[in-house]
Amino acid sequence: MKLTCLSKGSGFHFPPCYIFTLCEFKILLDCPIDLSALTIFSPIPTGGSYQAADFHVSDISMEDSCISDSNEPKRRKIEKTLQASDLIHAEPWYKTVTNLSLWDISFIDFVLISSPMGMLGLPFLTRNNKFSAKIYATEATARLGKLMMEDLVSMQMEFKQYYGSQESDFPQWMRWDKLELLPVALRKIVMGEDGADLASWQPLYSAENVKDCLQKVQTLKYAEETCCNGTFMIKAFSSGLEIGTSNWTISCPRRSIVCLSSSIFESAHAMNFDYRSLQGNDVILFSDLSLLHGAIKDAYGNRSLPTSQAQPAYDFSALREGNNNEEEFIKSLVNADESLEEMDKLAFICSHAIDSIKAGGSVLVPFGRLGIVLQLLEQISLSLESSNLKVPIFIVSTVAEEMLAFTNVVPEWLCRQRQQKLYSGEALFGHVELIKSKNLHLFPAIHSPEFLMMWQEPCIVFCPHWSLRLGPVVHFLRRWSGDHNSLLVLEQGVDADLALLPFQPVAMKVFQCSFLSGIKVEKVQPLLKMLQPKLVLFPEDLRLQIPCPSTNSFSFLHYSLNKTMRVPRLRNDYEANLATDLAFQLEPRRTNQENMAIARLRGKLFVDNGRYVLVSAKDPIDTSERSILMHWGSPDPSLLLVALREKGIHGSIDRDRSVLEIYEPNKALIEFHSTHTVVSTDEKLLATLIFEAIGSVLDGI
């Protein structure tokens, strides 16, 4: 097996990407695009006026708000020379995984998709005639990914209408003389550290490309097992991060692998992290890099995890002492603290949203994580009712209605509380359904911003896109950015200063919220101990932050970006299933010294459904003519001496019975050891007779 990390990603919206070689097949794990890079482009001018005010982004500490991580570094200030006019005024291109563009995609055999965000780059591959890989994703991931891609294409149409059709495959802004004029901050996003990122930019796919792509995706139900080319078996289990996000298990004849993506133990909307189904596999690819993206950078650019997250190590030896300790061990992994912390953040946002509404402002929430949006819809509507406020909630999107409806038909991917609602006949995310007839309004993105521009009363708007470059959010920001009573809620993952640059001066309050997006540092070692792998493939960047204790029963190999690593074979034995007819042909013989039986067979070995299988050979074994091919046990010196005399060979045994010395017809020496027997002679015929005598006193087949 070989592994190459193509991209570490940069958080929830841009998951990492890998290629690994298994059983001579190349497997691509996820194919995302970096939508945060859209901030280098200028949004389309929408006209209208807005008040001038001082630009600011509210920094909220955990002590004050439970929103921003207190350990996050203060956002750097944008260069003084960076102005809105410095942004690229052209139809946006999209930044794919840089190192994937260096591979010949015709050699990729399979693609495994772990999340809807991880499939947004698939149409870039499937529209290439060289691409012929089989693609696997869960039904929920494929459906939500489809909606996200269609929404992206729909929002891109506004740019096409404004700038017209592309005149060439090489836009003017990518010319070297144009790139040299870009400010350093923008040029770094476009080109990367060494200029290699320039090759990763591509024009967005079309609606037809999306349709063709989805026709090539084979969807799986929760934990459904399927066979890939008869060689290995795959399954997808919930990671808890979002609806449909999954961890993959891959089983082949001599290896079993877990692809462990960003996971959350307790989720308020999606099914919890199904870690029990990942136990007992040989190899874990640890690809949850949320810790890396949440790490602090010092003045020299080095990363370090927040020290406040460090907690005393769990006593792993207690796990072997009984069930009570095992339950305690599991409780150390799974607790309600994470969910409560997330609910506190949502409650804080709702509180400030109500304050903005009461002050006569409006609230704008760009689409980000589906689960967070659904929970915010519920919490805000409840807060409005408890405050006796009748304020409309608008969802402005071409796919909002279909996306909300879909959350009611995927019970296997929902948390237990949501499942119980469904089985009891209640509507999932029920309060959202109830307020549809009161103050929740769904609008397609096209034309709706113009309609809402005439709305003069406070309102709450959910709309795409979180990059603040595409879709309806641009229209609403143009209108409300100068209103100091209004509120903008952003998720972590976008540079707020750069994202808001085209809308300066900004007076509205801006909350940038950090929600849990992976395994916490103190739970990594206990989780790995619970899963009990033989080998963990771990990111090099986290080696110092999460050291490997010497007490581990498993070992670590550390991988780095764009470096191919060879993973050693962990099993030296073969396990195979016997065909029924072949099993009935066996004539096993039980050994005298060990509790086992051994039989000879003649068959054909091949791989089926990820396992070795032995079937009968065309020609049956001729038992009358077969010779003994295998012996076992240690020869008894006295019995061997008798067998030698019957063949005309004479010798004597020494006192400690460790040597039998032969003196007639020629000299030879037989040495008896605990694990082997050594015969020494210069006579070939004599050696053959001694071997026959030894075989006659041993068990064999």
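Analyst: Pro665 touches Gly648, Ile649 and Leu686, residues up to four places away in sequence being left out; contact means heavy atoms within 4.5 Å. This is a predicted model, in which local features need pLDDT of at least 70 and side-chain atom pairs count only at pLDDT 80 or more, while totals for chains, interfaces and linings use all residues. Residues are numbered from 1 along each chain as its sequence is written, and side-chain values use heavy atoms, with hydrogens and water left out.

Pro665 sits in the loop between β33 (659–664) and β34 (668–672); strands (E, at least two residues) and helices (H or I, at least four) are DSSP runs numbered from the N terminus. Ile649 is 16 residues from Pro665 along the chain, and their C-alpha atoms are 6.2 Å apart.

Turning to the cores, a nonpolar core is a set of buried Ala, Val, Leu, Ile, Met, Phe, Trp, Tyr and Cys residues joined through side-chain atoms within 4.5 Å. Buried means under 20% relative accessible area, exposed over 50%, and partly exposed in between (1.4 Å probe, protein chains only). The largest core has 97 residues, of which Phe462 and Leu537 touch the most other members. Helix α10 (residues 370–386) gives the largest share, eight residues. Domain 1 (2–41 + 85–291) and domain 2 (337–513) both contribute residues, so this core lies between them; the domain bounds come from an automatic or database assignment.

Beyond four places in sequence, the contacts of Phe462 include Val373, Leu376, Leu377 and Ile380. Another core, of 80 residues, lies apart and includes Phe131, Ala133, Leu186 and Trp480. Trp480 is among the buried residues of α15, a helix (residues 472–480) with eight of its nine residues buried.
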